[in-house]
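Hello,

Here is the structure we discussed handing over. Please look through it, then read my notes below.

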Amino acid sequence: MAPEAEGSSNHAIARLADSGEDAMRTLLAFPLRMFAGAFGIFEDLLRTAADAVEGDPIDDRVVDLERRMDSLEGRATGRRKDSGATSAARTRTPTGADIAAEQRGT
């Protein structure tokens, strides 16, 4: 009966070891599941916040108005420089008297 008792004790030890391994897996997996769940909730919150910010028409209008202001400011500063160059060219525009003098040859 000693061999049977030894075999059943080995079987009991193997079952105990297996249940210990299962318990360790469960204990270690629990924090990982908690972390994954918390991360999923956090991801959902971020997606909700991004959707709320992304779909705001006021932000689009503000960006459009800023772009229009920049283009208008660029035109205003560009005209001042160009207007000086064109006014210098206009000061030497021939008049009717100048054209008549050229036609006479003087």
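**Basis**

This is a predicted model, where local features need pLDDT of at least 70, side-chain atom pairs count only at pLDDT 80 or more, and totals for chains, interfaces and linings use all residues. Residues are numbered from 1 along each chain as its sequence is written, and side-chain values use heavy atoms, with hydrogens and water left out.

**Confidence**

The chain averages a pLDDT of 76 (the predictor's confidence in each residue, from 0 to 100). Of the residues, 67% score at least 70. Among the elements, H1 has the highest mean pLDDT, at 81. Helix H3 (residues 96–104) has the lowest, at 69.

**Fold and surface**

The chain has three helices and zero strands. Both are DSSP runs, numbered from the N terminus: helices are H or I with at least four residues, strands are E with at least two. Along the sequence the pattern reads α-α-α. Helix H1 covers residues 2–54, and helix H2 covers residues 57–90.

How much of the chain is buried? Buried residues make up 0% of the 106 residues. The cut-offs are under 20% relative accessible area for buried, over 50% for exposed, and in between for partly exposed (1.4 Å probe, protein chains only). The chain exposes about 9,700 Å². Carbon and sulfur atoms supply 62% of that area. Accessible areas come from the Shrake-Rupley method with a 1.4 Å probe; for residues, only the protein chains shown count as cover.

**Salt bridges**

Side chains of opposite charge can pair when their charged atoms come close. The structure holds four salt bridges (a side-chain nitrogen of Lys or Arg within 4 Å of a carboxyl oxygen of Asp or Glu).

- Arg47 and Glu43 meet at 2.8 Å, N to O. Being four residues apart in helix H1, they are separated by about one helical turn. Arg47 counts as exposed because its relative accessibility is 51%. Glu43 is partly exposed, with a relative accessible area of 33%.
- Arg25 and Glu21 meet at 3.9 Å, N to O. Both lie in helix H1, four residues apart, about one turn of the helix. Glu21 has 43% relative accessibility, so Glu21 counts as partly exposed.
- Asp64 bridges to Arg67, with the closest N and O atoms 4.0 Å apart. This pair lies in helix H2, three residues apart, about one turn of the helix. Asp64 is partly exposed at 35% relative accessibility. Arg67 is exposed, with a relative accessible area of 54%.

There is also a network: salt bridges that share partners join Glu21, Asp22 and Arg25.

**Aromatic pair and nonpolar patch**

A pair of aromatic rings is described by the distance of the centres and the angle of the planes. The structure holds one aromatic pair. Which residues form the pair? Phe35 and Phe39 do, and the pair is stacked, at 6.4 Å centre to centre and 20° between the planes. Rings of Phe, Tyr and Trp (its six-membered ring) pair if their centres lie within 6.5 Å; planes under 30 degrees apart count as stacked, over 60 as edge-to-face and the rest as tilted. Both residues lie in helix H1, four residues apart, about one turn of the helix.

Phe35 counts as exposed because its relative accessibility is 58%. Phe35, Phe39, Phe42 and Leu46 make a nonpolar surface patch of about 470 Å². Patches are made of residues with over 30% relative accessible area and no salt bridge: like charges are joined within 9 Å, nonpolar side chains (Val, Leu, Ile, Met, Phe, Trp, Tyr) within 5 Å.

Best regards
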